[in-house]
Amino acid sequence: MTPFTFARAENAPQALQLAGLHGRFLGGGTNLVDLMRENVEQPASLVDVSGLSREIAETPEGGLRIGAAARNTAVAEHALVRARYPMLARAILAGASAQIRNMATVGGNLLQRTRCAYFYDVEGSRCNRRAPGSGCDALEGFNRYHAVLGGSPQCVATHPSDMCVALAALDAELLIEGPLGARRVALTSFHCLPVERPEVENGLAAGELITAVELPALPLAAHSTYRKVRDRSSYAFALVSVAAALSVEEGRVADVRLALGGVGTVPWRARKAEAALIGSAASAANFRAAAEVELEGAQVLRDNGFKIELAARTVTMVLEQLAGSEA
Amino acid sequence: MPVTVNGNPIDLPADPRVSLLDLLREHAGLTGTKKGCNQGACGACTVLLDGDRVLSCLTLAVQVEGRAVTTIEGLADGDTLHPLQAAFVEHDGFQCGYCTPGQICSAIGMLGELARGVPSAVTDDLAAPAIALTHDELRERMSGNLCRCGAHNGIVDAINDYYLEAAE
């Protein structure tokens, strides 16, 4: 680990001032400290923002605002999250281990970096995300875990977060403060596809800090879930995951939210599948067909072709479950 | 402000690169907490931070200034083992013992979460006000602690026994 300076911020304005344009914000440290130890990241200055707002409170519009320093566990156990946005509670509980969920902040989870082995292998591998322009060893390498959606010749690394998949489905917005003021951005336009500059992973400008996540009022989300498929039954990253909310009226899909994890270079909101589903009969065949529409442009590498069928089956199963359990 | 470890103040390191794990082991001489993978995958370094289980390998010591850490050394009452420690002995909850301090600290934190009503990935009803520690719940909630000797059956039995006794 290279040397760095450390400072603790008590509030957002102080955090911005301490970080300037080059400081890195530190939440729970579960990802960044590891990356620093592996020399993937070498920040010269860390500003600890884990003491900033962790409040979880209703908004005047009936949604929920979650302070970026809220720990993952605190979000998953919150009564309103469990009742109104069960897919979010389940997504968080499907991720990492209990110890890590106790440490990790919501802001840090949004900024998690890929666990692609070539990204981590500083000494031995080429990686455009870590060292721009060096190449991508995953394209011709071991790529069983890699993305089938949203990849490019530059990078095919999957986005690792479970929480973000649920946030994508829920139309969450991020509240951001920076040297030029405050703004908000939709989660679904926050993470960047690795088109020309895979090292640019999100829309944060230099010095900007995520201060909160806001969930809109979404009655549909009370009937939602998250299903994660992985190599072992706990404590592993997703091969495929599905966040879904579904409302069926008179046998037809009245409304639906669908997002996929483990298959995309970013948390993947399945808008094509949603459009195919709206108004159609709530049947397994239609659920499967909608999944196939979303996966139509998927790009398969040597080892990850199984993800297409796995994703189609998981989407179908989750939607069937939601359709079958609807009151 | 120092960090309080098992009730005793420990000065923070001058170098912010020092992890909480290294502070405990190398600076405070508390070698009960173990360094397994040092990257958050094995749980051997689990300690309680203000009562919550965390990984000391991924925590910078400077991050816990002014807070209270409990390690395996802080559980026994003199020569009298903590009842969960005694249950591990009773059920052969270890072979080499390297993961044991992390397993025990993790289990104590886990039971606190359960008592608070925190659901897990295998909890069917997210609205349930109370969750029973079934075999599946116990295994899921302890999945962040690996045992390469394969003593998991004894570990599960020890935790379950302690849970049942504490519930009485």
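Residues are numbered from 1 along each chain as its sequence is written, while chains are lettered from A and ligands numbered from 1 in the order in which they are written. Because the model is predicted, local features need a pLDDT of at least 70 and side-chain atom pairs count only at pLDDT 80 or more, whereas totals for chains, interfaces and linings use all residues.

Chain B is divided into domain 1 (3-74) and domain 2 (83-167); such bounds come from an automatic or database domain assignment. The C-alpha centres of the two domains lie 21 Å apart. Their contact takes 15 residues from domain 1 and 14 residues from domain 2 of chain B, where two residues are in contact if their C-beta atoms, placed from the backbone, lie within 7 Å. On the domain 1 side, β3 and β4 of chain B each supply at least two residues, and the largest share, 3 residues, comes from β3(B). The residues of this side divide into 6 nonpolar, 6 polar and 3 charged. In this division Ala, Val, Leu, Ile, Met, Phe, Trp, Tyr, Cys and Pro count as nonpolar, Asp, Glu, Lys and Arg as charged, and the others, Gly among them, as polar.

Helices (H or I, at least four residues) and strands (E, at least two) are DSSP runs, numbered from the N terminus. In chain B, 5 strands form an open sheet with mixed pairing, in the order β2-β1-β5-β3-β4; two strands pair if DSSP finds at least two bridges between them. Strands β2 (8-10) and β4 (52-55) of chain B stand at the edges with a single partner strand each, so one side of each is left without a neighbour in the sheet. From one strand to the next, the twist averages 40°.

A residue is buried if 20 or more other C-beta atoms lie within 10 Å of its own, exposed if 12 or fewer, and partly exposed in between, with C-beta atoms placed from the backbone. Strands β3(B) and β4(B) pair in the antiparallel sense over 4 bridges, and Thr46(B) has Leu55(B) as its bridge partner in β4(B). A further 2 bridges join β3(B) to the antiparallel strand β5 (residues 68-70) of chain B, where Thr70(B) is the partner of Leu48(B). The hairpin of β3(B) and β4(B) has 2 residues between the strands, and Asp50(B) takes a positive phi near 50° there. Most residues other than glycine have a negative phi, and most peptide bonds are trans. Asp50(B) is exposed, with 11 other C-beta atoms within 10 Å.

Helix α3 (residues 100-116) of chain B lies across β3 (46-49) and β4 of chain B, running at about 40° to β3(B). Axes are lines fitted to C-alpha atoms, for helices over the stretch in contact, and angles run from 0 to 180 degrees between N-to-C directions. In helix α2 (residues 83-90) of chain B, Leu84(B), Ala87(B) and Phe88(B) are buried. These residues cover an arc of only 100° around the axis, which puts them on the same side of α2(B); the arc is that of the directions from the helix axis to the C-beta atoms. An α-helix has 3.6 residues a turn, so residues three or four places apart point the same way. What covers the buried residues of α2(B) includes α3 and α5 (152-167) of chain B.

Chain B also meets chain A: 30 residues of chain B are in contact with 27 residues of chain A. On the chain B side, β4, α3 and α4 (135-141) each supply at least two residues, and the residues of that side divide into 12 nonpolar, 11 polar and 7 charged.

Within chain A, strand β8 (residues 209-215) is mostly covered, as 6 of its 7 residues are buried. Strand β5 (residues 64-67) of chain A is joined to β8(A) by 4 bridges and runs antiparallel to it, with Glu214(A) as the bridge partner of Arg65(A). Strand β6 (residues 173-178) of chain A also pairs with β8(A) in the antiparallel sense, over 5 bridges, and Ile176(A) stands opposite Ile210(A).
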